[in-house]
Amino acid sequence: MRTNLQRHLTSPLADVRNLGILAHVDAGKTTITERILYLTGATHKRGEVHDGTTVTDFDSQERDRGITIFAAAVSCDWDGHRINLIDTPGHVDFSDEVERSLRVLDGAIAVFDGVAGVEPQSESVWRQADRHGVPRIAFVNKLDRAGADLDAAVESIRTRLHTVPLVVQLPIGQEDGFTGVVDLLRMRSLVWGAGRDTFEQGPVPDALREEAYRRRRLLEEAVAELHPIVLEEFCAESTVSAQTLAAALRDLTRSGEGVVVLCGSAYRSCGIEPLLEAVGAYLPSPLDVPAVRGTLGGTVQERVADPAAPFAALVFKVNSTATGRLTYLRVYSGTIQKGDAVLDVGADRTERVGRILRVQADRHAEVDRAVAGDIVAVVGLKAARAGATLCTPAAPLLFESATVADPVVSVAVEARSSLETGRLASALARLVEEDPSLAVRTDPETGQTVLSGMGELHLEVAVEKIRRAQGLDVGVGRPQVAYRETVARGVSGLVYRHVKQDGGAGQFAHVVLDVEALETAADAAGGNTGGNTGDFVFRSTVVGGRVPQEYIRAVEAGCRDALAEGPLGGHPVTGLRVTLTDGATHSKDSSEMAFRTAGRLALREALRASLMALLEPVVEVTATVPDDAVGGVLGDLAARRGRVSGQAARAGTAVITATVPLAELFGYASRLRSRTQGRGTFTTRATGYAPVPAAVSNGMLSR
């Protein structure tokens, strides 16, 4: 094991592949990871999700629930390539884990269910990869299932993901009779027999020869439309060689102009070897991606993937274990060794690396050093958080950190015993350190400790983690959602005079404000002389210098202070435009503090005088239910104020899409299971905020 790990660290960068596996929940990501580890010799037994024996789903909650919750890193070797692989979660509640993983990846395998095709979370993770510019190849899984259809899945990739799918394989057999694929580049068959982990290579079956040549022709034509070299050869020879086609597919994958599509059945171990070959052939190495950029003193600098360059790395995950605090990082340039001092650039703190670990999910092996292109964990860093940039102190550079979405669901948590309150506070602080998408605060009115996250399951997992890891008896209150308030009808010409005299220097500020709803994107883009955050616009039309510029900025700051609590229920205020139309100053008593106070109090008064509306977070629900349960499910969605936006039939089931207020979804999983006799499933995707109906809003505010 030690020799293999040391060989890992000396692999040429051109042979390194840092990739993730992305998919909708239950598309087969973890099973694919297990087959890859087994075929590459990294494990000696195939793990199964249903048996709870997988390497990457090592957490007890993952095994109990049968889903991936935490991103897990593993490494293996295949055909001269070193593959650093991250198995990411597929549930929407854990999309922040995907976001932080994508930040450090050079490529990805997007997995799609052969029956369902592109599903809601498939689309979400695809968009996340688009934002980070991560090249992808696609794998259509579960072709052995009833109703599996490669062509339908490929068409959903084309229409819903707006990319060009380049299919390089043709299935041999359908559904339960699926046994292998035809390789359309080399025009050969690859067949996996029952119980075999390796394939037998042979000629294209006679029954599929005509179809295989037709699809090869379609592949050549599709690539020729995108790649000039292929077009030239296609026009000259009326065909394209396998070598030219492979080189063009590599170029198109890395540029993002097309996506190579393979197929198989991970559960039957069919199609994994060609998938690994595609990883090496099409996905980029650290040398093929653009040099990472960072800032230093306001100037943009680049660091190339060179072990001899100054050390620079990005922290993407922090985890507390029985052996200490593990800090996971991607090394972008340079080399790091045990005992080296590193600078946390954002915190301006220097720490020392105690140990460097090669990670295999929950197992670790110590190594002496890590070089550019490596994904490793280090022990000894006490304060570095996810998103931190680590550099050699002599050559600092700050990388852009991944953004964290605002939490949308909250629960009140408390220790059953007052003696354990301190332990609970420490456990919550550790949770937030490990998962930046969680937030903990103390409600100033009730004194309750409030834990916020990305969804109901996210919070369930977090609380259960405290119970299991710390042995704490934790009480949980009903989840609360993050409401917002907005202006439905504003006010004009509101006059506010702030005068305070307490014996010394006084305070004087006179402001006149207009407040109106911010309804369009054009409002957010134009007429703004102050600040614009997309949901609040401040501008000034004061003329003649009646209010100096520095006081105008103070009024804006005061207005922003007032947005923290609205008049309806103390929720944050969004979606408004404030215009400072007039004002007055005093030669001695006016100051920035006075005008900031006036801005805050004036906007509070204006909001109380305005017609306000309450906003609630809404999500898109996609429920897959049996045909005989559709009526009951639709009725239940209507009772939850859901608006059905689509319904489709698929292999004996119905797929219902609806927009539902998040507040109405608590407990929906149990209700759906009850109405469908345990056969229904659903996923959610946050879509934004919508006004609360007047009847509901009045009932909420009267309580």
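# Cores, a covered strand and aromatic pairs

Author: Leaving aside its neighbours within four places in sequence, Ile137 touches Ala108, Ile109, Ala110, Thr253, Val259, Val260, Leu262, Leu275, Ala278, Val279, Tyr282 and Leu283 in this predicted model.

Reader: Which residues have the most contacts inside the largest nonpolar core?

Author: That core has 42 residues, and those with the most contacts inside it are Ile32, Ile83, Ile109, Ile137, Val223, Leu249 and Leu262. Helix 10, covering residues 272-282, gives the most to this core, with six residues.

Reader: And what lies apart from it?

Author: Another core, of 38 residues, lies apart from it, and Leu424, Ala623, Leu672 and Val692 are among its members.

Reader: Before going on, what is the average pLDDT of the chain?

Author: The chain averages a pLDDT of 87, and 93% of the residues score at least 70. Over residues 1-10, however, the pLDDT is below 50, although this stretch has 22 contacts in the model beyond near neighbours in sequence. Residues 520-533 also stay under 50, and for them the model has 25 contacts beyond four places in sequence. Where pLDDT is low, the predicted coordinates should not be read in detail.

Reader: New topic: strand 22, is it mostly covered or uncovered?

Author: Strand 22, residues 375-379, is mostly covered, since five of its five residues are buried. Ile375, Ala377 and Val379 point one way from the strand, while Val376 and Val378 point the other way, and all are buried. In a regular strand the side chains alternate between the two faces of the sheet.

Reader: Which strand do five bridges join to strand 22?

Author: Five bridges join it to strand 15, residues 324-333, and the two run antiparallel; within strand 22, Val379 stands opposite Leu326. Strand 19, residues 355-360, also pairs with strand 22 in the antiparallel sense, over three bridges, and the bridge partner of Leu357 in strand 22 is Ala377.

Reader: Switching to aromatic rings, how many aromatic pairs are there?

Author: The count comes to six aromatic pairs. One of them joins Phe112 and Trp126 in a tilted arrangement, at 6.3 Å centre to centre with 45° between the planes. This pair links distant parts of the chain, with Phe112 in strand 4 (residues 107-113) and Trp126 in helix 5 (residues 120-132), 14 residues apart.

Reader: Why does Phe112 count as buried?

Author: Phe112 counts as buried because its relative accessibility is 2%, under the 20% cut-off. Trp126 is buried too, with a relative accessible area of 4%.

Reader: What about Tyr551 and Phe595, which kind of pair do they form?

Author: Tyr551 and Phe595 form a stacked pair, 4.7 Å centre to centre and with 15° between the planes. Tyr551 lies in helix 14 (residues 549-562) and Phe595 in helix 15 (residues 592-609), so the pair ties together parts that are 44 residues apart in sequence. Both residues are buried.

Reader: Back to Trp126, what sits over its ring?

Author: The charged end of Arg136 sits over the ring of Trp126, 4.4 Å from its centre.

Reader: Last one: where does Asp79 lie, and is it buried or exposed?

Author: Asp79 lies in the loop between strand 2 (72-78) and strand 3 (81-87), and it is exposed, with a relative accessible area of 64%. Its phi is near 50°, a positive value in a residue other than glycine. Glu175 also has a phi near 50°; Glu175 sits in the loop between strand 7 (169-172) and strand 8 (180-183), and is partly exposed, with a relative accessible area of 36%.

Methods. Residues numbered from 1 in each chain as written. Predicted model: local features only at pLDDT ≥ 70, side-chain atom pairs only at ≥ 80, totals over all residues. Heavy atoms only, no water. Core = buried A, V, L, I, M, F, W, Y, C linked by side-chain atoms within 4.5 Å. Buried < 20%, exposed > 50% of the residue type's maximum accessible area, 1.4 Å probe, protein only. Helix = DSSP H or I, 4+ residues; strand = E, 2+ residues; numbered from the N terminus. Contact = heavy atoms within 4.5 Å. Pairing = 2+ DSSP bridges. pLDDT = per-residue confidence, 0-100. Phe/Tyr/Trp six-rings, centres within 6.5 Å; stacked < 30°, edge-to-face > 60°. Lys NZ or Arg CZ within 6 Å of the ring centre and 35° of its normal.
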